[in-house]
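Here is a short report on one protein model. Look at the sequence and the fold, then read on.

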Amino acid sequence: MDTLYLVMPAYNEAANIECVIRSWYTVLENLGNNIRLVVADSGSTDATHELLLQLQKTTPPD
């Protein structure tokens with residue numbers, strides 16, 4: 001089966017990124033196993049990258 005990738009750009013979104021990721025993850029989780037959320041951090045100068053790394057550990061891909 002094919003995999004759907006949802007790509008989300010992010011730049012200095014530390015204040016919002018956790019809520020957005022968790023919300024989207026819940027939606028995608030209900031759609032099936034072959035859907036992936038990919039966040040492209042575009043050189044953020046705040047804590048966006050660090051938060052994404054933490055979320056990656058607590059939000060499994062399957």
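## The model

This is a predicted model: local features need pLDDT of at least 70, side-chain atom pairs count only at pLDDT 80 or more, and totals for chains, interfaces and linings use all residues. Residues are numbered from 1 along each chain as its sequence is written, and side-chain values use heavy atoms, with hydrogens and water left out.

## The core

The largest nonpolar core consists of six residues: M8, A10, I17, I21, L52 and L55. Such a core is a set of buried Ala, Val, Leu, Ile, Met, Phe, Trp, Tyr and Cys residues joined through side-chain atoms within 4.5 Å. Buried means under 20% relative accessible area, exposed over 50%, and partly exposed in between (1.4 Å probe, protein chains only). β1 (4-10), α1 (17-31) and α2 (48-58) each give two or more residues to this core. Helices (H or I, at least four residues) and strands (E, at least two) are DSSP runs, numbered from the N terminus.

## The contact of α1 and α2

I17, E18, I21 and R22 of α1 meet L51, L52, L55 and T58 of α2. Contact means heavy atoms within 4.5 Å.

## E13

E13 sits in the loop between β1 and α1. Is E13 buried, exposed or partly exposed? E13 counts as partly exposed because its relative accessibility is 28%. E13 touches D46 and T48, leaving out residues up to four places away in sequence. E13 and T48 are 35 residues apart in sequence, yet 5.6 Å apart in space, C-alpha to C-alpha.
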